[in-house]
Amino acid sequence: MKSIWRNTILSWLSSLAACIVIGLIIGQLLGVLLLYVLGSLYWQLYQLYQFHSWLRYSSKASPPEASGIWGDVFDAVYRLQKKQRKSKRRMRQALTRIESSTTALKEGVIMADNQGNLEWWNNSAAHFFGLMRPVDRGQIITNIVRSPEFFRYFSQKRFGEPLVIKSPAKEGVYLEIQTTLYDKNDHLIFVRDVTRLHLLEQMRKDFVANASHESQNPFDSD
């Protein structure tokens, strides 16, 4: 980097000295210097125009041919763009692998931003909540899951304990919801079918209630 600047400055000084000599020889020093300044300004503006056009219209192509400082700028930006595109490819590949692996899960997985707007979900979540792509992408999740319990759970961020609610899309299905905040308070929501456990718990409660009633009123059946 230092050598490029040194060579550029030396080249500029050499050209300036040559212009001074020519100007003194022909007796038009100010005119020659003015032409040199205007020429240098035009050259810089032309390079800036090339740089702007390349970034705006064809940044994926190789950079324009240039020497000196501008050539180094073009090359540095091009290397940075290639690195960024490579990083994006890796991120897309990672996201594709994650989506492929979560698609096979029986548990639902939902990603929502910090406002609760739906960004992504797997097939199980779509089944549990009746979500459809691309219609529901960007919708607030509390508009999809219309449950007072879920609204309080989500809006008040009561994520310490899981929440059990009825499925808004499947009759007789109970869902357990667990939410984790990540990054900039974005939401990662896990959903699983707990209908069997809920029914067993309800049967246990009914049995206990009946047994308690029978113990308190042993002769009712007579």
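**Entry 1. Overall layout**

I take helices and strands as DSSP runs, numbered from the N terminus. I am working from a predicted model. I started with the order of elements. From the N terminus the chain reads α-α-α-β-β-α-α-α-β-β-β-α. I count seven helices and five strands.

Next I looked up burial for the chain. It has 222 residues, and 26% of them are buried. The exposed surface comes to about 15,900 Å². Carbon and sulfur atoms supply 59% of that surface. I also checked how far contacts reach along the sequence. Of the contacts between residues at least 6 apart, 32% join residues at least 24 apart.

**Entry 2. The largest nonpolar core**

Which residues touch the most other members of the largest nonpolar core? I find Ile110, Phe129, Leu131, Ile141, Phe150 and Ile177, out of 22 residues in that core. I then noted which elements supply at least two residues each. The helices are α4 (123–129), α5 (141–144) and α6 (148–155). The strands are β2 (118–121), β3 (163–166), β4 (174–182) and β5 (186–193). Helix α4 gives the most, with four residues. For background, nonpolar side chains tend to be buried together in soluble globular proteins.

Leaving out residues up to four places away in sequence, Ile141 touches Ile110, Gly116, Leu118, Phe150, Phe154 and Ile189.

**Entry 3. Leucine 118**

Leu118 turned up among the contacts of Ile141, and I followed it. Leu118 sits in strand β2. Is Leu118 buried or exposed? Its relative accessible area is 2%, and the cut-off for buried is under 20%, so Leu118 counts as buried.

Leu118 and Thr142 are 10.0 Å apart in space and 24 residues apart in sequence.

Arg137 lies over the face of Trp121, at 5.8 Å from the ring centre.

**Entry 4. The second core and its rings**

I found a second, separate core of five residues. Phe51, Trp54, Trp70 and Tyr78 are among them. I turned to ring pairs next. A pair of aromatic rings is described by the distance of the centres and the angle of the planes. The count comes to twelve aromatic pairs.

I checked burial for each. Phe51 has 16% relative accessibility and counts as buried. Trp54 has 2% and counts as buried.

Phe51 also pairs with Trp70. The ring centres are 6.2 Å apart and the planes are at 55°, so this pair is tilted. What does the pair tie together? Phe51 lies in helix α2 and Trp70 in helix α3 (residues 68–103), so the pair links parts that are 19 residues apart in sequence. Both Phe51 and Trp70 are buried.

Note on methods
Residues numbered from 1 in each chain as written. Predicted model: local features only at pLDDT ≥ 70, side-chain atom pairs only at ≥ 80, totals over all residues. Heavy atoms only, no water. Core = buried A, V, L, I, M, F, W, Y, C linked by side-chain atoms within 4.5 Å. Buried < 20%, exposed > 50% of the residue type's maximum accessible area, 1.4 Å probe, protein only. Contact = heavy atoms within 4.5 Å. Areas by Shrake-Rupley, 256 points an atom, 1.4 Å probe, with all protein chains shown as cover. Phe/Tyr/Trp six-rings, centres within 6.5 Å; stacked < 30°, edge-to-face > 60°. Lys NZ or Arg CZ within 6 Å of the ring centre and 35° of its normal.
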